[in-house]
Amino acid sequence: MMPDFLAERWALLAPDLQSLIIVTLQIVGVLLAVVVAVAMLTLAERKVIGYMQLRRGPNRIEIFGLPFLRGLAQPFADVIKLLLKEIIVPGHASRFLFLLAPLIVLVPALATWAVIPFSPEFVLADVDAGLLYVLALTSLGVYGVILAGWASNSKYAFLGAMRSAAQMVAYEIAMGFALVGVLMAAGSLNLGAIVRAQEGGFASWNVWWLFPLFLVYFVSGLAETNRAPFDVAEGESEIVAGFHVEYSGAAFATLFVLPEYANMILISALTSVLFFGGWLSPFQGYAADAAWYSAPSFFWLFLKIGCFLFVFLWVRATFPRYRYDQIMRLGWKVLIPITLLWIAVESVLAWRGIGPWAA
Amino acid sequence: MLVAILFWAFSAVLVGAALGVILARNAVHSVLFLVLCFFNAAVLWLLIEAEFLAIVLVLVYVGAVMVLFLFVVMMLDVDIEALREGFARNAPLGALIALIVVVELAYVLWVRRLGVELPGETAPLAQGASNTAEIGAVLYTQYAYPFQLAAMVLLIAIVAAISLTMRRRPGLKAQDVSRQVSVDPAERVRLVSMPPEREP
Amino acid sequence: MDVMPMILTMADVMPAAAEIFVAAAACVLLLVDALGGGRARGLAFVLAIAALAGAAWVSSTVGTDGRTVILWGHFVADPMGTVLKLFSYGAAALTLLYSREYLERRDLLKGEYLVLALCAVLGIQVIVSAGSFLSLYLGIEIMSLSLYAMVAFDRDDGVAAESAMKYFVLGAIASGALLYGISILYGVTGTFLIDGVAFAVAQGRAPDIGLLLGIAFIVVGVAFKFGAVPFHMWLPDVYHGAPTPVTLFVGSAPKIASFALAMRVLAEGLGGALDAWQDMLVVLAALSMAVGNLVAIAQTNIKRMLAYSTISHVGFILLGILAGNAAGYRAALFYTLTYVIMTTAAFGVVLWYSRKGFEADALDDYKGLNRRHPWFAFVMLLVMFGLAGVPPTVGFWAKLQVIAAVLDVRLTWLAAFAVLMSVIGAYYYLRVVKLMYFDEPVTAGQDESRFAVRLVLSLNGLAILALGLFPGYLLRLCEQVLR
């Protein structure tokens, strides 16, 4: 692995320092992976939606002149463009908050990755209350949106912020209740333990017994990430671009592009972990344990994440935007009652020892 | 040592943010300072290994309650200067009451130090013991009754809030979904068969 | 104290069956109202009354002679609790019965109103059976929140909204004071349990100054809830501003809760520190009697007048409690129960007399009532005699008991003051009688009430006289439940 002279120096370091360096490297690795994935996802979105709408999507900027990878470098070109642009702070804006807001959106979107278990061995922080941590952090992103809207000193931005606040509060409740169902099934708040509770092939995944909760969670996830058809906070045809109308350049990139897509990947990852057995193989128990395709590995997690990301894009290309009052109605009067009802059903199942709760 | 440094640092920020809440000239800034307060309080809890309480504090207060606060404060556009008009006049009285409370608190703390045996150093949780499970075990046994009562308080708050705010006002443009669904085309559309105006 | 997880069985929670029943009934009522819409109003009303009757049945079935502590000390079942609960069901049921027509005429009889009323009863039950400061506080919040909402229930009435706001803000301050006192008490004794606090106080483990501070704040909280001077500011406004049925509700059953609150906290928890709170209560009682009786004279609105009369009666109840011995507590219990009977009848008449667009809340509205409705003028006469403490009504016995209790502990001046104040108080009660019997009628009265309401109201009024002629049963009951 390491050259000898490096290994010697390494052994000299204090154990604390060693683990600090290792953890830092791991964090950097995960963040880099997320950022690269975000870049690729923006491209994938434009491509997928393009093909769904019978056009090609970006196909000009190429790497190394390879014809079949045309368009692959598009996201990097976009990033360079955005970083080079000037950040304009509107007149009479609250400057400090205006610049702070993008960071407030960004930090939770990235920090949540700390508790996502990528494989049986690899998770950055094996926190006992991991699920709560996820919920707490995902609820923070809304501050960035509200502050961005308020600090911009612009009517459209402010309207976007108000919409976003109301929407987040409504859907967070449904999301939280859906997660309550998951932790009732797993008996733990630790994400790794939740995955392990679903061992035994695809038939023992949570999604079957918790199907309504899965739907609610995914729909709430769409709403929490402000994705279509719940993108009223942005609503470009009604309020121009909502909360980020006044942002430009790097602030726009960090406020809007990076967190939104990072959150999409996060919601997909969480859906996989909570309902689809995370890094577990669907063929586990149906094939020899030694077979590569029945062993748990991060490959399966990434495959599942990819599927859900495709659904995100698919939904965006398919559905028109909800009207604001319809969003409120769906959140409060449909999703929350469904979750409440299903939690009651689940407790009866658990009490009588039916299904996954059979001792 | 590290914990002590962190404790003092976060406590200092906490106190500073609390002062910011009452001294900020803009109501939105006050709310944001309060958010900062909650965060630092959560960190203090983390330092004593009460991670469940810390995360729940962030989840409930920062994630939900303060968002609503912010929503309301932004909507209402509170003019804090107007609210402060009588401040100088009542300040001496307020200061007096604050002083009394501080003296009382100090006295109680001091008396405790002298008179009552403190619960002593709390033993750290055993390795592997889950903070969340421990709280759950106490909450659903020893404090099951108060816990249920608190649930009733919340239920009443919901019923009261809804019954006081929700009422049918005339002229409201909200859509009635069940009416929309149950519309009969025959009532709305009249199909008329007309002869073409001019023979081709 | 066992912290190990264990499963509660039905037998463990059996003494709390009445609380569980009322909470479940409130939820059922909520569902019936939500699913039934406007059609289920009548059904909801019947269900609410049935729930109270059912609760009475459950309470009397599970009630025991001894004292049972369950749920890790948070819940206490004892004979005093059973009696207080039964009386609060009765008061609440009477209140709902008297209010029905008033509410229907003003389109206020909604399912939520009944749910809130049941929840208030639940809060009273919890306070009455509280074994720890935690459940006591939560009970107070359950009751108060319901009452705040009920006061504001008539959305289009600005005065009601204002009084609800005052009630809410002052009630929150009172809760704060109480909570602050509880936390200090927890600090010096290390326990939330009332028995635990009593034990610590008896052992002398609690340092005096800390205990005194805690008691001071707790007494402030209790006085707020009672409406004792100088913490009475909310009471006249709430009585005046709230819709009359709500005034009746606030004025009747919650007084039982206030008495229970004082008994649980002061008598049971802090009985060992009688010296500390007796003087505070002396001041509160004397001021309440003075302010209540003197200010009531100047009122022209009967609801406001009855509010000040309530304040003065609170002073009398406090007289019994501050005696700090069994006889005193017994007298206070007797006074509370009879006061609830009388005040229910008083507002019952006001509700019976009002109709759409006519609140019947001005004193002048009662001029010449005898001409038009001699029977209910007589009921009102009984009520006024009872409140004034004129023999042979039960009010006389109540006043006699508390004054005797105060004399027992050698507070002669206070007893003399109480007698003086009740003489002054008699003036404004008898003025109502004079208006009814000797003045010419100015407003047209009505009598469209249902027969059942008239019957119950009459019985309620006659009870004041009957208990005055034969006070023995109720006195013995009070004696039994307080050992």
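## Where chains B and C meet

Two residues are in contact if their C-beta atoms, placed from the backbone, lie within 7 Å. With that in mind, let's look at this predicted model. How many residues of chain B are in contact with chain C? There are 25 of them, and they touch 38 residues of chain C.

Three helices of chain B each supply at least two residues of this side: H5 (87-115), H6 (131-139) and H7 (144-165). The largest share comes from H7(B), with 13 residues. Sorted by class, the side of chain B that touches chain C has 18 nonpolar, 4 polar and 3 charged residues.

## Where chains A and B meet

Chain B also has contacts with chain A: 19 residues of chain A are in contact with 19 residues of chain B. On the chain A side, the elements that give two or more residues are helix H5 (130-138), helix H6 (141-151) and helix H7 (155-186).

Which of these elements gives the most? That is H7(A), with 6 residues. By class, this side of chain A has 15 nonpolar residues, 1 polar residue and 3 charged ones.

## A closer look at chain C

Chain C has 21 helices and 2 strands. Its radius of gyration is 22 Å, close to the 23 Å that the globule rule gives for 483 residues, so chain C is as compact as a globular protein of that length. Along its principal axes, the C-alpha trace of chain C spans about 65 × 60 × 40 Å.

Of the 483 residues of chain C, 60% count as buried. Now take the contacts in chain C with a separation of 6 or more: residues 24 or more positions apart account for 79% of them.

Conventions
Residues are numbered from 1 along each chain as its sequence is written. Chains are lettered from A and ligands numbered from 1 in the order in which they are written. This is a predicted model: local features need pLDDT of at least 70, side-chain atom pairs count only at pLDDT 80 or more; totals for chains, interfaces and linings use all residues. Helices (H or I, at least four residues) and strands (E, at least two) are DSSP runs, numbered from the N terminus. Ala, Val, Leu, Ile, Met, Phe, Trp, Tyr, Cys and Pro count as nonpolar, Asp, Glu, Lys and Arg as charged, and the others, Gly among them, as polar. The radius of gyration is taken over C-alpha atoms; the globule rule is 2.2 Å times the number of residues to the power 0.38. A residue is buried if 20 or more other C-beta atoms lie within 10 Å of its own, exposed if 12 or fewer, and partly exposed in between; C-beta atoms are placed from the backbone.
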